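This report covers a pair of helices and their packing. Please view the model alongside the text.

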Amino acid sequence: MDIAFYHNQAKQKQKEHKKFLDTLKKHPPKNLDYLSQDTHEAVFETIDCLQCANCCKTTGPLYTEKDILRIAKYLKMKPADFEHQYLKTDEDNDKVLQQLPCPFLNEDNTCYIYEVRPKACREFPHTDRQKVYQINHLTIKNTLICPAAYTWVEKMKQQLQR
């Protein structure tokens, strides 16, 4: 998968994508949640995250207290030890990874803690959520990182601008 290609395409289309997503927010179609979900599923029929894993290489998820407890238990660690070894508190007071790429990313792009991965990882790139227009700022950012997010916006544009 050519991540640089998707990144460059997303960069070139930032204004266009922002305008489209802003329109979605101002005038969401009645069937937006269904359309969003269907488009998400169609995109992931053609894009394999294991060919990319750019999200794991370039962005760190937010870790909730539930995530920390679940993952620490899975790793047979005390939550405080897990936090000390892997996490830091960022400027927004969120718990995030100390370093990237993610320390749980295996060489074959699989995840060592996949079964218990953070909620943010399970939901990424957030293109199947209800009222997706509420996270336009995140979707725009994710198009630069994730080929699936970029493709989702492009497909949504095609479907809604007929």
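## Helix α9

The buried residues of α9 are P147, A148, A149, Y150, T151, W152, V153, E154, M156 and K157. Buried means under 20% relative accessible area, with a 1.4 Å probe and protein chains only. That is 10 of the 14 residues, and α9 is mostly covered. Their packing partners are α1, α2, α3 (32-46) and α8. Helices are DSSP runs of H or I, at least four residues long, numbered from the N terminus.

From first C-alpha to last, α9 reaches 20 Å, close to the 20 Å expected at 1.5 Å a residue. The expected span is 1.5 Å times one less than the number of residues.

## Basis of the model

This is a predicted model: local features need pLDDT of at least 70, side-chain atom pairs count only at pLDDT 80 or more, and totals for chains, interfaces and linings use all residues. Residues are numbered from 1 along each chain as its sequence is written, and side-chain values use heavy atoms, leaving out hydrogens and water.

## Helix α8

Helix α8 spans residues 136-143, and N136, T139, I140, N142 and T143 are buried there. Seen down the axis, these buried residues fall within an arc of 165°, so they line one face of α8. The arc is taken from the directions from the helix axis to the C-beta atoms. Their cover includes α1 (3-12), α2 (14-26) and α9 (147-160).

## The α8–α9 contact

α8 and α9 pack at an angle of about 120°, with axes 7 Å apart. Axes are lines fitted to C-alpha atoms over the stretch in contact, and angles run from 0 to 180 degrees between N-to-C directions. T139, N142 and T143 of α8 meet A149, Y150, W152 and V153 of α9. Contact means heavy atoms within 4.5 Å.

Notes:
Buried means under 20% relative accessible area, exposed over 50%, partly exposed in between (1.4 Å probe, protein chains only). Helices (H or I, at least four residues) and strands (E, at least two) are DSSP runs, numbered from the N terminus.
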